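Subject: A structure for you to look at

Hi,

Here is the structure I said I would pass on. Have it open while you read, and I'll go through what turned up.

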Amino acid sequence: MGGDGGIDVTVPAAAAMTARAEVVLVGDRERIHAALPAAAPELTVIHASQVLSPRDSLADVLRRRPDSSMRRALACHAAGHVDAVVSAGDTAALMALARSQLGMVAGIERPAICKDLQGMRGRFWMLDLGANIGCSARQIQQFAHMGVLLARHVGGVARPRVALLNIGTEPGKGPDVLNEAADLLEADPRIDYVGFVEGDGLFADIADVVVSDGFAGNIALKSIEGAARMAMHLVQNWLGSLSVLERAGLLLARSKLAALRHELNPQGYNGASLIGLAGVVVKSHGSAGREGFQQAIEEATLEVAGEIPRRLAEGSADPDPAFSPS
């Protein structure tokens, strides 16, 4: 029930998704019931007396907030009472509690934050987006396999192409760890590795899965979000500068303008997977509105339907040093 908008955003958004999932709300019972729309169906509410603050240390999160809504929700998932958890709360707190409550899939060294983005010719998946600042080549190889798993079983891509985010496309460019990871992926028969990709090629349909460490991935993601907001700003300023006659002419293109607004709206792509955990956990952007939080819930339903944790566990049991999601 966290995020910038709090219960006023998350509760109505969750109530609107009852046709797609059986929704369980965790948080302050009285406040949740007060925020439910009048026509909302009956929903299960689990009371939690504490909330986490961005100012809380990880020690506070793990040891001094035993009845936080985030912990209670993840405990429900660990006990098998729910199939997934969606939260707009603090990312570091969510990752720490998820690892504590759910644990990791055996054989996976690090979880990663993965998000699908809209490219020029379709979606692509990008990870890690901030969970791991520094990574080994083997961990980057594992990220690639996890991204392939999501692209295949959530996105329906039969043979996902994998690229590594780098400062150049030529072999030998960039940090040693990326070149070591490139060698691992090049030799991996289960990965369709297409080489390095630069930041300006992310949307050019070069790859279905783009892999990086969390430092570069998070910078790239925030840059993408900022560019989208800037594009929206420029379009709105342009529309505001039109004359009455010009605006009248644009009425003929109203549907096209609406489609453009939708494509530029980051709410439509909200929801990042914390993949590698022994469960389905989706992080909603803290600033997401109702539409964005609904999209995060939709992402969770797709991962549950795709049986992502099970497939990940089966793949990680492969005797090869890196696993092979089926």
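With a relative accessibility of 36%, Glu307 counts as partly exposed. Keep in mind throughout that this is a predicted model.

There is another residue of this kind. Asp205 isn't a glycine either, and its phi is positive too, near 60°. You'll find Asp205 in the loop between β7 and β8, and at 29% relative accessibility it counts as partly exposed.

While you're checking the backbone, go to the peptide bond from Leu127 to Asp128: this bond is cis, with omega near 0°. Asp128 belongs to the loop between β5 and α6.

Now the overall picture. The chain has twelve helices and ten strands. It runs to 326 residues, and 47% of them count as buried. If you take the contacts in the chain with a separation of 6 or more, 65% are between residues 24 or more positions apart.

Next, helix α1. Is it enclosed or open? Eight of the nine residues of α1 are buried, so the rest of the structure largely encloses this helix. The buried ones are Ile7, Val9, Thr10, Val11, Pro12, Ala13, Ala14 and Ala15. And what covers them? The cover includes β1 (24–27), α2 (29–35) and α11.

That brings us to how α1 and α11 pack. Helix α1 (residues 7–15) and helix α11 (residues 290–305) have axes 8 Å apart, at an angle of about 55°. That angle makes α1 oblique to α11. The crossing of α1 past α11 is right-handed. On the α1 side, the contact uses Asp8, Val9, Thr10, Pro12, Ala13 and Ala14, while α11 brings Arg290, Phe293, Gln294 and Ile297. Sort the residues of this contact by class and you get six nonpolar, two polar and two charged.

A second pair of helices is worth a look: α6 (residues 137–153) and α7 (residues 176–187). Their axes come within 8 Å and cross at roughly 50°, which makes α6 oblique to α7. Here, α6 passes α7 in a right-handed crossing. Which residues meet? From α6 there are Ala137, Arg138, Ile140, Gln141 and Ala144, and from α7 there are Val177, Leu178, Glu180, Ala181, Leu184 and Leu185. By class, the contact of α6 with α7 holds eight nonpolar residues, one polar and two charged.

On to the aromatic rings. How many aromatic pairs does a search of the whole structure find? It finds one. The partners are Phe124 and Phe203: their ring centres are 5.5 Å apart and their planes stand at 85°, so the pair is edge-to-face. Phe124 is in strand β5 (residues 123–127) and Phe203 is in the loop between β7 (192–197) and β8 (209–211), so the pair ties together parts that are 79 residues apart in sequence.

Asp208 counts as buried, at 10% relative accessibility. Which residues does it touch? Leaving aside neighbours within four places in sequence, Asp208 is in contact with Arg123, Phe124, Trp125, Val157, Arg159, Pro160 and Arg161. Take Pro160 from that list: C-alpha to C-alpha, Asp208 and Pro160 are 5.4 Å apart in space, yet they are 48 residues apart in sequence.

Cheers

Conventions
Residues numbered from 1 in each chain as written. Predicted model: local features only at pLDDT ≥ 70, side-chain atom pairs only at ≥ 80, totals over all residues. Heavy atoms only, no water. Phe/Tyr/Trp six-rings, centres within 6.5 Å; stacked < 30°, edge-to-face > 60°. Helix = DSSP H or I, 4+ residues; strand = E, 2+ residues; numbered from the N terminus. Axes fitted to C-alpha atoms, helices over the stretch in contact; angles between N-to-C directions. Parallel < 35°, antiparallel > 145°, perpendicular 65-115°, else oblique. Left-handed = near helix turned anticlockwise from the far one by under 90°. Contact = heavy atoms within 4.5 Å. Nonpolar A, V, L, I, M, F, W, Y, C, P; charged D, E, K, R; others polar. Buried < 20%, exposed > 50% of the residue type's maximum accessible area, 1.4 Å probe, protein only.
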